[in-house]
Amino acid sequence: MDGNDGGLTALSPAVRKFLSQPKQVLINGKWQSAQSGKTFEVFNPANGEIIGHAAACEKDDVDLAVRAARKAFDEGPWRRMTASERGRIVWKIGDLILKYAEDLAQLESLDNGKPIAVARAADVLLAADLFHYMAGWATKIEGSTIPLSVPYTPGAEYHAYTRKEPIGVVGQIIPWNFPLLMAAWKLGPVLTTGCTVVLKLAEETPMSGLRLAEICQEAGVPDGVLNVLTGFGEPCGAPLAAHPLVDKIAFTGSTEVGKLIVKAASHDLKKLSLELGGKSPNIILDDADLDIAIPGAASAIFFNQGQCCAAGSRLFVQEKIYDKVMDGIAKAARGIKVGPGLDPSTQMGPLVSQIQFDRVSGFLKSGADDGAKALTGGKRIGDRGYFLEPTVLVDTTEKMSVYQDEIFGPVVTATPFKELDDDLIRRANDTVFGLASGIYSTNASKIHRLASRLRAGTVWVNCYNIFDAALPFGGYKQSGWGREMGQEVLKNYLETKSVCISL
Ligand code: ADP
């Protein structure tokens, strides 16, 4: 990968212009630097070079942003707007994402490292679709009328109904693996429900979220309703999670930081939704169509460089087909073209940062020390940028850290199993996580039996990593609280008020 320019030559004039401007943050409708004036460097993961600087927000900036969101919620026009007007603004954000799709895809690929083809087809389209989907809900958030019996007031009559009201000021904290899409998952429902928000972007990948904030302004989101900050976890995320004027925190990131968020939010019992880590089992039964299962299992782990909370990172293959499947997956892994995200022929990009590269490399070393064998991969590619070979580990045991912990890189562990029995189900569920899972089979009865017993928020059957704005996504166990997307996500941002009237 020597001599790569990280794909910079491929950038459009609009993206170049965006990158050349100083990166500020959005507070109360105004773009401004951090109060301290501090900035931090943003890197191109394809070659480690600096692509820009972002504002290093801290407690003071968080306070300004939260106060702006509080004022916009309590006094601003946002809540007085009709649901239809609000829905139209949310819809327009989706339209504008499509209008600027190519620029957003390029920014995303440059900042995060992901292949441009993926950024175009997945991140940008899904982000637009999320806003379009959510916009439809704005006019359909309804309470109900409820017949009361009240046994201790015989003969009295009541009219009772519920109202669904926005929860208030929401602090949102997102990670770097799908920077634009995670911002969309969070902002779509928060705006639709009439809340106001302070969104903290991930320090590794602030670019597309800042561009999205401009788009939201262009779509007509009023000043103060959306405030967007850049900064690190401790100085910026932590004070947001603890701020007394914030009603609710929505967090996506590691389970470890999720637990810190719970602590930070606990002193005033803020409402919380959490979308956390995973170590998802992907199970291939011996009746599976291997033309679907083999590429499916490979993409389940290697998509987005394995940096997906839902990645199919623990593969279970029935004994009879184990050798054939492993051959196929190893071949698929070796055939993946790894390169800078902005090169249109790239199928897998670099990991997002030096820190992430070191983390994943540490797991590979610990696996090797524990006796795991790399059927393929396991090594760095080149000496610039954070490129790692797609890796398949075999001979792993249940005790090993590579088997139990979320690696968040292109590394899958593969183990055989004899029968679809209780032991397989125990092994599949034997992790602290419960985010996603996969089944490859052609036997409908086995599929349904297995799907009901997997302790995971999503079960993909004969497919993997299929996301849709309408389909709820979230975790059992330590993978989280609440759901993103679909009608379910609205619950994260609404309070239910019961109104009871004596007639
Ligand atoms: P990852 O391991 O994927 O980088 P993290 O959970 O570390 O994920 O980070 C996800 C988001 O949480 C980022 O925006 C990061 O800045 C933020 N974050 C990290 N530490 C804290 C913290 N102590 N409090 C609040 N936010 C944090």
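In the predicted model, an open sheet of 7 strands is arranged in the order β14-β15-β16-β13-β12-β18-β19 with mixed pairing, where strands are DSSP runs of E of at least two residues, numbered from the N terminus, and two strands pair if DSSP finds at least two bridges between them. The edges of the sheet are formed by β14 (373-376) and β19 (458-461), each of which pairs on one side only. Neighbouring strands of this sheet are turned against each other by 25° on average, direction ignored, with axes fitted as lines to C-alpha atoms, for helices over the stretch in contact, and angles running from 0 to 180 degrees between N-to-C directions. Strands β12 (residues 281-284) and β13 (residues 314-318) run parallel and are joined by 4 bridges; in β13, R314 is the bridge partner of P281.

Two helices (DSSP runs of H or I, at least four residues) are described against this sheet. Helix α10 (residues 290-302) packs on the sheet and touches β12, β13, β15 (391-394), β16 (411-417) and β18 (436-440), its direction making about 165° with that of β12; contact here means heavy atoms within 4.5 Å. Helix α15 (residues 444-453) lies across β12, β18 and β19 and runs at about 165° to β18.

The domain assignment, whose bounds come from an automatic or database source, divides the chain into domain 1 (8-276 + 479-500) and domain 2 (281-468). The centres of domain 1 and domain 2, taken over C-alpha atoms, are separated by 30 Å. Across their interface, 30 residues of domain 1 are in contact with 31 residues of domain 2, and the two domains bury about 2,400 Å² between them, 63% of it on carbon and sulfur atoms; this buried area is the accessible area (1.4 Å probe) that two parts lose on being put together, summed over both.

Between domain 1 and domain 2 the count is 1 salt bridge, defined as a side-chain nitrogen of Lys or Arg within 4 Å of a carboxyl oxygen of Asp or Glu. A salt bridge is formed by R384 with E49, the closest N and O atoms being 2.7 Å apart. The elements giving two or more residues to the side of domain 1 that touches domain 2 are α4 (101-112) and α5 (116-137), and the largest share of that side, 4 residues, comes from α4.

Residues are numbered from 1 along each chain as its sequence is written. As the model is predicted, local features need pLDDT of at least 70 and side-chain atom pairs count only at pLDDT 80 or more, whereas totals for chains, interfaces and linings use all residues, and side-chain values use heavy atoms, with hydrogens and water left out.
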